[in-house]
Amino acid sequence: MAEVLFFIAGTGAIAGAIGVIAFRNAFYSVLSLVFHLLSLAALFLLLRAQFVAAAQVVVYAGAVMVLYVFVVAYVGGESSLPPVGAGLVPLASVFAAALAVELLIALLGSGLAVVGSTGAAFERTFGTPAQIGELFLTKFLLAFEVASYLLLVAAVGAVILARRRRGLPEEPGEPPRHVPSPGLALVGTMAETVHALPSSERARTHQGGW
Amino acid sequence: MAIAWYLAVSALVFCLGAGGVLIRRNPLVVLLCLELMLNAGNLALVAFSRGHGSADGQIFALIVMVVAACEVVVGLGLIVAIHRRRLPLDVDELSELRG
């Protein structure tokens with residue numbers, strides 16, 4: 001049973017990864033990555049990592065991918081760009097294949113006793129939220145705190161990066177957009193832009209999206 | 001199932017991600033391929049955690065997820081900023097920082 005589930009989930013993970021690379025439209029790439037993440041969560045469950053699997057589905061496939069979908073809808077997923085120049089695609093594939101061979105030799109030929117085994121004896125508490133939480137608050141407390149600071153810094157950094165700055169040249173020929181704001185410094189976030197567009201331009205973006 | 005099978009899947013997914021970073025030109029898809037590589041690392045960490053019977057590897061995987069979320073947020077912010085300046089979304093064209 002575990003073997004069947006492993007091959008289904010493993011094939012799903014690899015197929016999802018191929019889909020991310022192969023789809024032309026970035027929107028389909030994101031959906032393919034969601035499929036990949038769900039397959040990976042099944043693999044985590046097979047490895048008895050319940051909490052990591054749940055976090056993978058909720059945080060990754062849920063929240064982060066929604067963020068991706070929003071940005072793809074904002075930027076426009078359809079790209080007319082070909083992949084890199086014609087000669088470079090086979091070269092890149094050769095590099096990737098060489099890396100695969102190298103990694104497989106390094107992992108499977110390493111002679112580590114763990115690699116060939118089916119895993120340590122299973123305990124009932126292994127991978128439960130209780131165990132993970134206890135480790136986070138005792139042995140890995142510093143990493144936990146640093147991760148929370150990192151999240152805070154990343155959130156602030158994203159707001160600063162994505163807001164519209166004054167003084168940067170907009171598209172030439174187009175009159176500067178009217179931003180109805182009380183004149184505070186932190187205007188021009190993504191959500192505000194969606195509401196602040198004039199109606200004609202909103203219609204145009206609406207047609208051009210997706 | 002031996003741990004080796006999980007490691008093999010992890011290695012293949014990592015290489016697909018690396019190949020995607022080399023091949024694709026859309027920075028959004030490059031970010032997605034980075035996600036693939038991080039997830040391959042996560043799978044290997046969880047597999048070794050199962051092999052050793054210690055949950056430390058799962059903690060490591062969760063921290064990797066946090067770092068990946070930060071990387072995604074900053075990367076997507078950069079992409080939105082690039083789009084707003086009407087620059088082309090193409091990693092070959094974005095060479096302003098070249099000396």
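Axes here are lines fitted to C-alpha atoms, for helices over the stretch in contact, and the angle between two of them runs from 0 to 180 degrees between N-to-C directions. The exercises below concern a predicted model.

**Exercise 1. Determine how α2(A) and α3(A) are oriented relative to each other, and which classes of residue make up their contact.**

Solution. Begin with the geometry: helix α2 (residues 26-46) of chain A and helix α3 (residues 50-75) of chain A pack with their axes 9 Å apart, at an angle of about 175°. Angles over 145 degrees count as roughly antiparallel, and α2(A) and α3(A) are therefore roughly antiparallel to each other. Next, look at the residues that meet: α2(A) contributes, among them, F27(A), V30(A), L37(A) and F44(A), while the residues from α3(A) include V57(A), Y60(A), M65(A) and V72(A). Sorted by class, the contact of α2(A) with α3(A) comprises 20 nonpolar residues and two polar ones, with no charged residues.

**Exercise 2. Describe how α1(A) crosses α2(B), giving the direction, the handedness and the residues that meet.**

Solution. The axes of helix α1 (residues 2-22) of chain A and helix α2 (residues 27-52) of chain B come within 10 Å and cross at roughly 160°. Because that angle lies over the cut-off of 145 degrees, α1(A) is roughly antiparallel to α2(B). The crossing in which α1(A) passes α2(B) is left-handed. On the α1(A) side the residues are A17(A), V20(A) and I21(A), and they meet L32(B), C33(B) and L36(B) of α2(B). By class, this contact of α1(A) with α2(B) has six nonpolar residues, with no polar and no charged ones.

**Exercise 3. Work out which element gives the largest share of the side of chain B that touches chain A, and how that side divides by class.**

Solution. The contact between the chains takes 66 residues from chain B and 75 residues from chain A. On the chain B side, the elements that give two or more residues are α1 (3-23), α2 and α3 (56-84) of chain B. Of these, α3(B) provides the largest share, 21 residues. By class, the side of chain B that touches chain A has 46 nonpolar, twelve polar and eight charged residues.

Methods:
Residues numbered from 1 in each chain as written. Chains lettered and ligands numbered in written order. Predicted model: local features only at pLDDT ≥ 70, side-chain atom pairs only at ≥ 80, totals over all residues. Helix = DSSP H or I, 4+ residues; strand = E, 2+ residues; numbered from the N terminus. Parallel < 35°, antiparallel > 145°, perpendicular 65-115°, else oblique. Left-handed = near helix turned anticlockwise from the far one by under 90°. Contact = placed C-beta atoms within 7 Å. Nonpolar A, V, L, I, M, F, W, Y, C, P; charged D, E, K, R; others polar.
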